[in-house]
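Q: Can you walk me through this model? I'd like to go over the sheet, the contacts and any cavities.

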Amino acid sequence: MPTPEERAADAFNGYFVNFDIRIGPGDVAVGTHRTIGERSWRLTHRVDPEDAGLPSLAFYAAHRITNDRHVRIWAGHVDHLDAINEFYAFDPKVPNSK
């Protein structure tokens with residue numbers, strides 16, 4: 001049976017499988033705070049303890065071609081949290097606002 005750290009690392013790795021970005025169970029130790037810059041992604045993750053003492057891995061991921069993601073992985077669950085929404089707006093009445 002996998003440990004909570006292995007389950008959290010597997011969920012993280014599954015999320016980024018198409019980009020070959022991986023972490024190991026040792027990266028899911030409570031108190032860990034790390035930034036990863038690979039394949040045009042900028043990921044910051046940290047691990048906090050849950051009420052039951054299990055690790056909770058939260059990460060914020062930014063990529064220049066897609067929307068930001070803010071995700072929390074805990075006790076086998078993956079929760080999508082609020083992230084910065086990108087938008088583009090212009091006023092056709094204002095010169096060079098495109």
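The chat below goes through the sheet, then the side-chain contacts, then the cavity.

Q: What kind of model is this, and what pLDDT do local features need?
A: This is a predicted model, in which local features need pLDDT of at least 70 and side-chain atom pairs count only at pLDDT 80 or more, while totals for chains, interfaces and linings use all residues. Residues are numbered from 1 along each chain as its sequence is written, and side-chain values use heavy atoms, with hydrogens and water left out.

Q: OK, the sheet. What is the strand order?
A: The order is β1-β2-β3-β4-β5 in an open sheet of 5 strands, with antiparallel pairing. Strands here are DSSP runs (E, at least two residues) and helices are runs of H or I of at least four residues, both numbered from the N terminus. Two strands pair if DSSP finds at least two bridges between them.

Q: Which strands are at the edges?
A: β1 (33–38) and β5 (77–81), each of which pairs on one side only. From one strand to the next, the twist averages 20°; the axes behind that angle are lines fitted to C-alpha atoms (for helices, over the stretch in contact), and angles run from 0 to 180 degrees between N-to-C directions.

Q: What joins β3 to β4?
A: A hairpin through 2 residues. β3 (residues 55–63) and β4 run antiparallel and are joined by 7 bridges. Ala61 has Arg69 of β4 as its bridge partner, and Leu57 stands opposite Ile73 in β4.

Q: That leaves β4 and β5. What is in the turn there?
A: Ala75 is in the turn, with a positive phi of about 45°; this hairpin also has 2 residues between its strands. β4 and β5 pair over 5 bridges in the antiparallel sense, and His80 in β5 is the bridge partner of Val71.

Q: Switching to contacts. How many salt bridges does the structure hold?
A: It holds 5, where a salt bridge is a side-chain nitrogen of Lys or Arg within 4 Å of a carboxyl oxygen of Asp or Glu. One of them pairs Arg39 with Asp20, the closest N and O atoms being 3.5 Å apart.

Q: Which parts does the Arg39 and Asp20 pair tie together?
A: Arg39 lies in the loop between β1 and β2 and Asp20 in the loop between α1 and β1, so the pair ties together parts that are 19 residues apart in sequence.

Q: Aromatics: how many pairs?
A: The search of the whole structure finds 7 aromatic pairs. Rings of Phe, Tyr and Trp (its six-membered ring) pair if their centres lie within 6.5 Å. Phe12, Tyr15, Phe16, Phe19, Trp41 and Phe59 form one aromatic cluster.

Q: What lines it?
A: Pro4, Arg7, Ala8, Leu54, Pro55, Ile73, Trp74, Ala75 and Gly76. α1 (4–15) and β4 (66–74) each supply at least two lining residues, and α1 gives the most, with 3.

Q: And by class?
A: The lining has 7 nonpolar, 1 polar and 1 charged residues. Asp, Glu, Lys and Arg count as charged, Ala, Val, Leu, Ile, Met, Phe, Trp, Tyr, Cys and Pro as nonpolar, and the others, Gly among them, as polar.

Note on methods
1 Å grid on protein atoms, 1.4 Å probe; cavity = no way out; pocket = protein on both sides within 12 Å on 5 of 7 lines; lining within 4 Å. Phe/Tyr/Trp six-rings, centres within 6.5 Å; stacked < 30°, edge-to-face > 60°.
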